[in-house]
Amino acid sequence: MMLGTVQSGFGYWNVYAWIIFFALAAVLVFYFRSAGRSDYKAGTYQDEIFYGGNPVPKDGDEIAVPASSAYWGFTEALSPFYKLLLSLHTGIASDYMGYFVITMALVSVLIVL
Amino acid sequence: MTWQIHIPALLIALPLLGAFVAPVFVNRRLRDIWFTALSAVVLILAFLLWRRVGAEGTAIYVMGGESWDLTLPSGMSVPIRIIMEVDAFSAFMALSGSIASFAGAIFSLRFLDRTTGGEKFVALYFLLMTGMLGMETTGDLFNFFVFLEISSVASYGLIAFWRNRPEAIEASFKYMLLSTIAALMVLLGIGILYGRYGVLNMAAIAKAMQFGLPEKVALALFVAALAMKCGSVPMHMWVPDAYSQAPAGLACFLVSVSQASLYGLFRISFSVYGRALDTPAVAWIIIVFGILSMFIAVVMAVIQKEVKRLMAYHAVSQTGYMLLGVGVGLLALTHPQAMSEYGFTAMQGGIFHIINHAMYKGLLFLTAGSIFYASGTLDLNRLGGLARNMPYTTVMFVVSAAAIAGLPPVNGFVSKLLVYESSFAVHPILTVMALVTSILTLASFVKVFQSAFLGPARARFSEVREVPRSMLVGMTVLLVAILWLSFMPTWSLSKLVGPAAQALVDQAGYIEAIMRSGL
């Protein structure tokens, strides 16, 4: 067995090949970085964020996108599905018990019949 | 004969001792030493047991008998014995759970300094450890129920540990309600089998197993109850409640404790029923549980705004991969060609995912605990820019998030690859669902990373600093395990996962290990 090679029965995968790939990619990244401008000066106007020409707010909260806005398009497109899912997740203990009893009944029918 | 033959007993006796002695340690320093040292000893014992089982085969230990290796009734009119049977699968589970419990214990030390009653936490934590290890090492169905109850009772107390929070009490109550009914179903199933065969030993029942109506009813009770205990959809709703309220060190360990129920489901399906199953219904039920758990839970995770709740949904989702992999293995169990073509690969994938999940999900919960410890919130809408203040926690999060998302070359990728390729042989839709789940997993952890760690610095977190060293050490234990499993995949599969999968498939070997002593 080749070192680090996982045989899946349908193909194979080698972890060390991936590590070499990442190492080569890292070398390229550092090469491109080193080819950048050498006249950059930290702590000067070159460091400033361009905020549409307006002053940058001091607190990051004012320029951050909240997590609840993430994947808005995805959740909006699936809103009927999410509505159904959320209606099932009521947080009520008797509902939890109901799902358990229904599932047990289904499993029993499928195994016994 | 060496002292190591007694490890199966020590593995239960020591945490039990730890639980009963812990309340004495009101002094914080002594409590911390007791907590850490005993957890480390249990981990070492679990490792030695795993090594011994790997070298010498299934370990049998008889408690209450005439001698430790005599499984026969020893002249007593009522033979009261506890027979422990530790095969490679049991040893694998015990090792995986012990690593998580050790990491959770070290991480919890500084957390406990912020509260009173830390010694009670330690006592319940050790009791939980006893229950988990007992479930994974016993060869007796009634003992399995007893240890299941021990772990459940300890969980109720620990989930409600922040007793000043109504949400914690509510989460504990919901889990208690469901768990008690599920445990009664397990007891009923055990009662049915005891009524039929007059024995409680799993191997003895397996040898006599006839798949008639009572056995089918008992199996249905086991499957539904244990699937609920491991958090399978649609019986998963206690998981986000419980995991999000549990202290982080405990949540890390609870992942492994839930896996002990998964162990019970697999052990009963393969070792007790095994080849007597003349219907594919059970395998398909487990596969459908797996698919539903993967997909529904990950879709729910994407919209969560609280870090631990999001991670809890992912705990359910990842359990789906294990159910899918081992379910496909169960489907192929009575077909040798299918087993050699894809069934065994699927089982390897599912079982590899058990330890992978215990390590990276444990680490993710610990990083969530670090965020809460340092910033006082887990609300993703309020968090941000923490990578500047908490660089080590950020690295831990990135590695574990890459692992759970199945990004190569991290360990989650290997187990998922095995599940993808083998489940494709059963039906391509299984693989499609697993792949979509993986993509959504990546999406939700990118959201956590972007919301909590990246972005501009927040004024309210200007004083936030990296967590104390002991918490970093707890996280590092799991990080090292993840890296080991990632960079040594062939070793992991041949030494750790392969023997465990083989032990589960080899029902005759499980029966023979007890029967050669003449039960």
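Select helix α4 of chain A and helix α8 (residues 213-229) of chain B, and look along the place where α4(A) passes α8(B) in a right-handed crossing; a crossing is called right-handed if the near helix is turned clockwise from the far one by less than a right angle, and left-handed if anticlockwise. Helices here are DSSP runs of H or I with at least four residues, strands are runs of E with at least two, and both are numbered from the N terminus. This is a predicted model, in which local features need pLDDT of at least 70 and side-chain atom pairs count only at pLDDT 80 or more, while totals for chains, interfaces and linings use all residues. Residues are numbered from 1 along each chain as its sequence is written, and chains are lettered from A and ligands numbered from 1 in the order in which they are written.

At what angle do α4(A) and α8(B) pack? The angle is about 145°, and the axes lie 9 Å apart, where axes are lines fitted to C-alpha atoms, for helices over the stretch in contact, and angles run from 0 to 180 degrees between N-to-C directions. Show the side chains next: A:F100, A:T103, A:M104, A:V107, A:S108, A:I111 and A:V112 of α4(A) meet B:L213, B:K216, B:V217, B:L219, B:A220, B:V223, B:A224 and B:M228 of α8(B), contact being defined by C-beta atoms, placed from the backbone, that lie within 7 Å. By class, this contact of α4(A) with α8(B) has twelve nonpolar, two polar and one charged residues; Ala, Val, Leu, Ile, Met, Phe, Trp, Tyr, Cys and Pro count as nonpolar, Asp, Glu, Lys and Arg as charged, and the others, Gly among them, as polar.

Now widen the selection to both chains, where 40 residues of chain A are in contact with 53 residues of chain B. On the chain A side, the elements that give two or more residues are β1 (5-7), α1 (15-34), α3 (79-88) and α4 (93-112), and α4(A) gives the most, with twelve residues.

Switch to chain B, which has 19 helices and two strands and in which 63% of the 519 residues count as buried.

Select helix α9 (residues 238-245) of chain B: eight of its eight residues are buried, so α9(B) is largely enclosed by the rest of the structure. The buried residues of α9(B) pack against α4 of chain A together with α5 (141-159), α6 (166-197), α10 (248-273) and α12 (307-331) of chain B.

End at the strands of chain B, where five bridges join β1 (residues 59-63) to β2(B) in an antiparallel run, strands being paired if DSSP finds at least two bridges between them. B:A59 stands opposite B:V86 in β2(B).

Notes
Two residues are in contact if their C-beta atoms, placed from the backbone, lie within 7 Å. A residue is buried if 20 or more other C-beta atoms lie within 10 Å of its own, exposed if 12 or fewer, and partly exposed in between; C-beta atoms are placed from the backbone.
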